[in-house]
Amino acid sequence: MTEQTSSTQSSAPQGGAEQHEFSAEVGRLLDLVVHSLYSEREIFLRELVANSADATDRRRFEALTDGARALPEDAKIRINPDKEARLLTISDDGSGMSRDELVSNLGTIARSGTRAFGQQLESAKPEDKPNLIGQFGVGFYAAFMVADRVEVVSRRAGSEEAWRWASEGKGAYTLEPATREKAGTDITLHIKEDADEFLDTWRLQAIIRKWADHISWPITILKEDGESPANEGTALWRKPKSEVTEEQLNDFYRHVTHNFDTPWATLHWRAEGTIEFTSLLFIPGSRPFEFSEQSRESRIRLHVRRMFITDDANLVPSWLRFVQGVVDTEDLPLNVSREMLQATPVLARIRKAVTGRVLTDLKNRAKDAETFLPFWENFGAIVKEGVWEDAEHRTELAGLARFRSSTLPTDGEDAAKGWTTLGDYVARMKPEQEAIYFLTGDNEDALAKSPQLEGFRARGIEVLLLSDPVDAFWPERLSSFEGKTLRSVTQGHADLEKFAIEGEADTGDAADLDILIPALKEALGEAVSEVRGTDRLVSSAVVLAAPEHGPDLQLQKLMRRSGQKIPETAPILEVNARNPLIRTLARRAAEKEPIAELAQVALDIARIQDGEAPKDPAAFAQRLTALLATQA
């Protein structure tokens, strides 16, 4: 908005004060700023402190060419709460404002002295340019969210005159001469009845720590025992890596994350080009308590010119939500709303750049299997969510993933050897093998002992053991890796007949399944969708399988547990023709003896092997008791 469209009207001085009225258009805009621009009232303090830091930066820059405007050695930003008088004053030693500048900068909404000043610096050397905040020029008016009157006393550096600007935020303001001992600005807020919290020193301290902890100028709060430092004053992420010690990084990591460990990885870099930002990010060294149950949103802190904006900008996708730290950019306005923030193209480019950098770092670290393993054990389940939901990075993330395997040790001194990548699995596949086989379940130890693996072990075929809940989902989206399809061993036929059994095979008599299978189908009815012989078993009698098309057994189980409605799909019962139980059932079926009770026990055994309870535990117990009684 230009100064012409936001013009003010002035009347003759009354009692030495000039009366100015905002135009109706500006009055409506002021109401919008106070009631709609910010979602949290405490933001007002961030905006006022930002303005003070901005003015102090400006004076430091001006002093390079005008010694009369030199900053005092103890330049700082002072916050003085006065509970008895219900006043909150923010003072600085900055450049201050003349009468005309007060009219221009405070009397005209959406005109920013900072912005105009920044335009004058385009030809200045980079090292001389101060970091300017408040490009929109509306942040000052956030003060009216907590104050029913605001007074500004300002003295321009290099001038002896001081002026007082005052307004109740209702469309008018006054200007009058004032006195101030030194150059700078005092902003005094007459706090509203419902804003008492902003007169408490502990509350002010907390706000500064949250929103302006790393402003480069000292910020102090006046307490009964004197001035108390309120901010750290150093934006650690803006320092060159060579100037930052490991101790400083660890302290900052604990400050940002509230963890007590040390980071597994630290990423500190400055991006330059079409967008510019500085990042200091951490990957924790241990998994936070109940991490997976927390929000799936990223909590990386977004700063603009050192000022905290939000930790709700989702700067990385949910599958990197364990990454924490700070991203600080020059390319966003300080007081943009969170709603506008999500839609700005600048933020989208920052997200893409940060995600790419973190992923590149993970791929580089993954080259050392031993040092990568602690990260994967902590956050691998989260990363695998990206294989499911992120088509752009799916193949890269699948390449990073580590898995337990039916052929690799799960203990021992060299823990890294108990894990494999998909790439390593493919390199070990048998020449005639066309699929990457996997088995999903709730417990890694139970999976390693599952009857589902018997036929694969007998043929020397490796099976990946997947025990994280997300493992039931992502293989469907990945579908293949390096040209090899992914196939659950519980789903459809495993094509094991193509592979010869290694070592001595069981050459015992096989049951006649041509008679048994129809008898089992009749005995079990709708409890199974099919009964068939299998090559997947060596010693066990039965095993469950899912249909060729549709969710595998573990996915069905998870969906039922979460309360999701899925079509009732009865499992397939596969039987081992050489098992004594199956031979007994086949003999009874051939001799027309009843097999219903034994068939139900066999089906319940298959369910238990897969970690499920029998459909009717009481009936299963009665049948098992009766069978045991016959052996007594």
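## Exposure and the overall picture

A residue is called buried when its relative accessible area is under 20%, exposed when it is over 50%, and partly exposed in between. Lys592 has a relative accessible area of 75%, so it is exposed. The model shown here is predicted.

The protein has 632 residues, and 52% of them count as buried. Its secondary structure comes to 19 helices and 23 strands. Take the contacts between residues at least 6 apart in sequence: 69% of these join residues at least 24 apart. The accessible surface is about 29,800 Å². Carbon and sulfur atoms account for 48% of that surface.

## An open sheet and its helix

Five strands build an open sheet with mixed pairing. Their order is E11-E12-E15-E13-E14. Which strands stand at the edges? They are E11 (265-271) and E14 (307-310). Each has a single partner strand, so one side of each is left without a neighbour in the sheet. Neighbouring strands are turned by 20 degrees against each other on average, direction ignored.

Strand E13 (residues 301-304) pairs with E14 in the antiparallel sense, over 3 bridges. Here Val304 stands opposite Met307 in E14. Helix H8 (residues 345-365) lies across E11, E12 (277-283), E13 and E15 (324-329). H8 runs at about 135 degrees to E11.

## Two loop residues with positive phi

Glu482 has a phi near 50 degrees, a positive value in a residue other than glycine. Where does Glu482 lie? It is in the loop between strand E19 (480-481) and strand E20 (484-488). Its relative accessibility is 55%, so Glu482 counts as exposed.

Lys592 also has a positive phi, about 65 degrees, and is not a glycine. Its loop runs between helix H17 (580-590) and helix H18 (596-609).

## Salt bridges

Side chains of opposite charge can pair when their charged atoms come close. How many salt bridges does a search of the whole structure find? The search finds 49.

Asp66 forms one with Arg69, and the closest N and O atoms are 3.4 Å apart. Asp66 is partly exposed, with a relative accessible area of 28%. Arg69 is partly exposed too, at 23%. Glu160 forms another with Arg155, with the closest N and O atoms 3.3 Å apart. Are these two residues buried or exposed? Glu160 is exposed at 70%, whereas Arg155 is buried at 11%.

Lys384 and Asp468 meet in a salt bridge of 2.9 Å, N to O. This pair links distant parts of the chain, 84 residues apart. Lys384 is in helix H9 (residues 369-389). Asp468 is in the loop between strand E18 (464-466) and helix H14 (474-478). Lys384 has 4% relative accessibility, so it counts as buried. Asp468 is partly exposed, with a relative accessible area of 27%.

Salt bridges can also be linked in a network, as in the case of Glu40, Glu42, Glu197, Arg203 and Lys210.

## A nonpolar patch

Leu624, Leu627 and Leu628 make a nonpolar surface patch of about 240 Å². Leu628 has its place in helix H19 (residues 617-630). Its relative accessibility is 56%, so Leu628 counts as exposed.

Methods:
Residues are numbered from 1 along each chain as its sequence is written. This is a predicted model: local features need pLDDT of at least 70, side-chain atom pairs count only at pLDDT 80 or more; totals for chains, interfaces and linings use all residues. Side-chain values use heavy atoms; hydrogens and water are left out. Helices (H or I, at least four residues) and strands (E, at least two) are DSSP runs, numbered from the N terminus. Buried means under 20% relative accessible area, exposed over 50%, partly exposed in between (1.4 Å probe, protein chains only). Contact means heavy atoms within 4.5 Å. Accessible areas come from the Shrake-Rupley method with a 1.4 Å probe; for residues, only the protein chains shown count as cover. Patches are made of residues with over 30% relative accessible area and no salt bridge: like charges are joined within 9 Å, nonpolar side chains (Val, Leu, Ile, Met, Phe, Trp, Tyr) within 5 Å. A salt bridge is a side-chain nitrogen of Lys or Arg within 4 Å of a carboxyl oxygen of Asp or Glu. Two strands pair if DSSP finds at least two bridges between them. Axes are lines fitted to C-alpha atoms, for helices over the stretch in contact, and angles run from 0 to 180 degrees between N-to-C directions.
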